[in-house]
Amino acid sequence: MSRHVVFLIGEDWFFASHFRVRALAARAAGWRVTILTRTGRAADALRAEGFEVIDVDFRRARLNPLAEFRLLRSIAGHYRALKPDLAHHVALKPILLGSLAAALARVPAVINAPVGQGFVFTSATLKARLLRPAVSLGLRLAVGARGALAVFENHDDLTAMTASGAIPSERAYLIRGAGVDLVLYCPHTPPAGKVRIVLGARMLADKGVREFIEAARLLRLRGVVAECLLAGGPDPQNPASLEAAELQRATEATWLGPVTDMASLLASCHIACLPSYREGLPKFLLEAMASGLPCVATDVVGCREAVADGESGVLVPPRDPAALADALERLVADPELRARMGAAGRARAETLFADEVVCAATLAVYERAIRHDV
């Protein structure tokens with residue numbers, strides 16, 4: 001008899017980019033897969049692959065208690081109708097609401113995956129500072145509620161949650177990120193000509209986009225010959241999103257907009273860069289390492305799980321354009337260092353981050369969850 005897992009996730013495009021491969025592996029292993037999400041540009045493609053996709057009224061930036069209560073009732077109603085063996089909640093709001101809904105609907109097994117942690121934990125705005133204590137408390141209460149298991153993308157988050165008592169260590173698991181396709185993302189011969197540096201991400205302030213633009217300006221002032229590229233679109237649902245007009249004005253870095261073929265873009269570049277303020281485990285850096293690129297990233301949660309400082313890349317302090325420019329200048333000037341770090345990054349991707357590694361680990365946690373083997 002087929003077992004049934006329901007994913008609760010805020011955006012269909014995030015499921016498609018970060019959980020689709022794991023859902024395909026679960027289906028191949030005999031699981032029925034249903035996705036509860038806010039449907040948008042990715043829903044039709046997911047349905048075409050045979051997934052059941054159900055629209056729910058997620059709004060990441062919404063703070064209306066009445067609307068969130070209605071959403072909670074909707075999720076609980078879906079859980080009662082679907083009768084899943086396992087609910088897999090991804091990110092903060094799905095964990096908070098999904099844990100309550102699962103309790104109301106008596107879902108027998110729950111996995112909570114606090115990926116990234118986003119705007120509330122990275123922004124210095126008054127809104128984020130006011131929300132942070134309540135969200136932190138809610139996350140600590142929900143992440144291990146009712147015997148749920150938790151999957152973390154990096155050691156820092158796992159250690160912080162277990163040390164706080166939010167979840168016992170025997171119910172906390174480390175699965176490093178979304179995985180990467182080692183065939184699609186593969187090493188390439190660096191193109192001749194000007195060194196190209198690419199930042200791939202949603203165009204958010206907390207991805208370090210402004211610091212990257214400033215570092216590009218510093219490189220130009222120093223006479224460093226390099227082409228700096230921004231690949232990704234704004235995210236209007238995120239309070240930290242940059243406006244298109246600001247990106248278009250940034251002449252020091254060329255904004256490419258959303259990129260559908262990241263593998264080809266990485267194959268045309270020499271260095272990957274992500275000066276983020278905080279991550280779960282950034283998929284862009286995994287793809288860059290699999291492509292044989294050296295990475296410059298910030299020494300923050302998530303990025304330091306991906307990049308081995310001095311081996312597969314260079315870690316710099318966050319919010320520091322000068323230090324970022326220094327690291328990029330060093331790599332621009334040294335092709336042998338780029339090659340050595342790129343090869344180390346590929347080996348790291350093969351060992352730790354491959355799709356096969358992540359999918360196998362995920363299915364093992366599913367089995368433990370439904371057997372209550374913790």
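Q: What should I know about the model before reading any values?
A: The model is predicted, with local features needing pLDDT of at least 70 and side-chain atom pairs counting only at pLDDT 80 or more, while totals for chains, interfaces and linings use all residues. Residues are numbered from 1 along each chain as its sequence is written, and side-chain values use heavy atoms, leaving out hydrogens and water.

Q: How many helices and strands are there in the chain?
A: The chain has 16 helices and 13 strands, taken as DSSP runs (H or I of at least four residues for helices, E of at least two for strands) and numbered from the N terminus.

Q: And how much of the chain is buried?
A: Of the 374 residues, 56% are buried, where buried means under 20% relative accessible area, exposed over 50% and partly exposed in between, with a 1.4 Å probe and protein chains only.

Q: Switching to backbone angles, which residue has a phi near 50°?
A: That is Lys83, which has this positive value without being a glycine, and Lys83 sits in the loop between α4 (65–82) and β4 (86–90). Lys83 counts as exposed because its relative accessibility is 63%.

Q: What about Arg319, where is that one?
A: Arg319 lies in the loop between β13 (313–316) and α14 (321–333), and its phi is also positive, at about 60°, although Arg319 is not a glycine. With 45% relative accessibility, Arg319 counts as partly exposed.
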